[in-house]
Amino acid sequence: MIENIRLSFQGIFGHKMRSFLTMLGIIIGIAAIIAIVSTIKGTNDQIKQNLVGSGNNIVRVNLTSGGMEVNPSEGFDVSKVPLIDDTIMNKILEQDSVIDAAKYHRANVWQGVNHGKSSLVGCNIIGADNKYINLLGYTITEGRGFEEKDFTEFKNVVILDQASAYSLFEGANPLNETVEIMGTPFVVIGIVEKMDDFEPVINSIDEWDTYYGDESSGILVVPDTCWPVLYQYDEPYQVLVKAVETEAMTDAGKSTQDLLNGYINDNSEDSVKYKSEDTLEKAKELQKLSSATSKQLIWIASISLIVGGIGVMNIMLVSVTERTREIGLKKALGARKRSILGQFLTEAAVLTSIGGFIGVGAGIGLAYFISKVAEVPVAISVPAIIISVIFSMMIGIIFGLIPSVKASNLNPIDALRYE
């Protein structure tokens with residue numbers, strides 16, 4: 001085998017230009033496949049990151065009716081939805097797929113949040129427990145976060161995000177100032193912003209609304225113990241759960257949804273139920289669409305591999321013709337069909353393998369070039385590289401088989417007399 005490989009390299013480098021032109025179809029095919037797979041993988045990763053977020057693995061479990069999210073403050077009947085107490089929260093945390101959880105109230109309001117002559121339109125008011133801020137990925141940039149006494153003493157305090165602070169105070173320091181929420185004064189104790197650097201790629205106004213619409217006018221967070229001051233006393237909570245890993249988000253959301261719905265004694269079609277936001281499934285659906293397109297492109301790129309394989313077959317037939325006397329001499333000296341067959345198959349496999357390696361390098365370079373020009377993400381797929389090299393070797397063996405069999409079947413007497 002080693003001797004066959006040595007002879008293969010000797011034959012390839014003895015005809016450099018011919019060998020390169022033979023490998024060109026393999027190089028182009030492998031490069032195209034690597035570039036396509038890397039671009040599609042990068043796009044899929046971007047889709048997943050856009051929908052799931054930058055690794056915080058948070059799933060929202062919201063109240064819904066008829067498949068639509070409901071706001072208890074807007075008149076929906078939530079009388080049969082029990083309040084989530086410490087016992088239920090502990091059961092949520094006992095689930096294998098969940099490592100942390102927080103409960104909260106949320107209301108989207110179009111008016112009623114004011115400071116002097118400034119007001120917010122379409123902002124979100126959150127009634128949060130003591131875990132909400134950290135779990136959702138916010139960090140305190142000014143002032144302080146909630147303390148235990150804020151909850152136990154029912155203090156009317158509020159934390160603003162950057163958007164709401166700027167809108168209400170227009171650049172002035174908001175700390176210790178008063179904000180009126182639904183006619184009730186709340187003292188500003190802190191300013192928060194997102195802890196991570198995740199920024200989704202926005203390609204349309206619809207995508208902008210999906211990622212930033214809820215936060216565009218600002219978020220105000222108050223202790224959940226103050227929520228009855230703003231809304232009704234028996235309003236049920238919504239839940240955030242943090243999964244142990246990204247792939248466990250669906251299980252974490254579904255199991256929490258089922259657990260909470262187990263406490264609701266209403267099976268009517270229009271009843272209010274808990275439902276998890278399955279962002280991971282949304283990502284998978286878009287990835288399937290992206291992958292379907294990539295498969296079509298890969299099949300098209302594979303045509304060049306077939307063309308490259310035909311080129312390998314052609315050049316090997318030429319090589320057999322050129323080396324007919326050599327084959328006849330080897331057979332006259334006792335070489336068996338198997339050794340002649342192995343020599344030419346090895347040469348074909350080595351030729352296409354070299355083309356495969358060059359194609360991999362060209363494909364990686366092409367992927368990054370496409371990324372720069374088209375501004376699309378790229379993620380190099382190691383399995384695709386390994387499969388491509390193995391596939392290129394298989395092409396050499398398959399398309400080199402006919403010339404190799406022809407060489408091994410030559411009559412030594414006729415071969416020696418060949419001119």
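Start by selecting glutamate 147 and lysine 149: their side chains meet in a salt bridge, with N and O 3.9 Å apart. The model is a predicted one. A salt bridge is counted here when a side-chain nitrogen of Lys or Arg lies within 4 Å of a carboxyl oxygen of Asp or Glu, so the 3.9 Å of this pair falls within the cut-off. Colour the two residues by accessibility. Glutamate 147 is partly exposed, at 34% relative accessible area, and lysine 149 is partly exposed too, at 37%.

Together with Glu147 and Lys149, they are linked in a network of salt bridges.

Next, select glutamate 153 and lysine 155. Their side chains form a salt bridge with an N to O distance of 3.7 Å. Glutamate 153 has a relative accessible area of 48% and is partly exposed. Lysine 155, at 27%, also counts as partly exposed.

Now go to aspartate 100 and lysine 131. Which parts of the chain does this pair link? The two residues form a salt bridge, and their closest N and O atoms are 3.1 Å apart. Aspartate 100 sits in strand 3 (residues 98-109), while lysine 131 is in the loop between strand 6 (123-128) and helix 4 (132-135). The two are 31 residues apart, and the pair links distant parts of the chain. Aspartate 100 is partly exposed at 23% relative accessibility, and lysine 131 is partly exposed at 33%.

To finish, show every salt bridge at once: the structure holds six.

Notes
Residues are numbered from 1 along each chain as its sequence is written. This is a predicted model: local features need pLDDT of at least 70, side-chain atom pairs count only at pLDDT 80 or more; totals for chains, interfaces and linings use all residues. Side-chain values use heavy atoms; hydrogens and water are left out. Helices (H or I, at least four residues) and strands (E, at least two) are DSSP runs, numbered from the N terminus. Buried means under 20% relative accessible area, exposed over 50%, partly exposed in between (1.4 Å probe, protein chains only).
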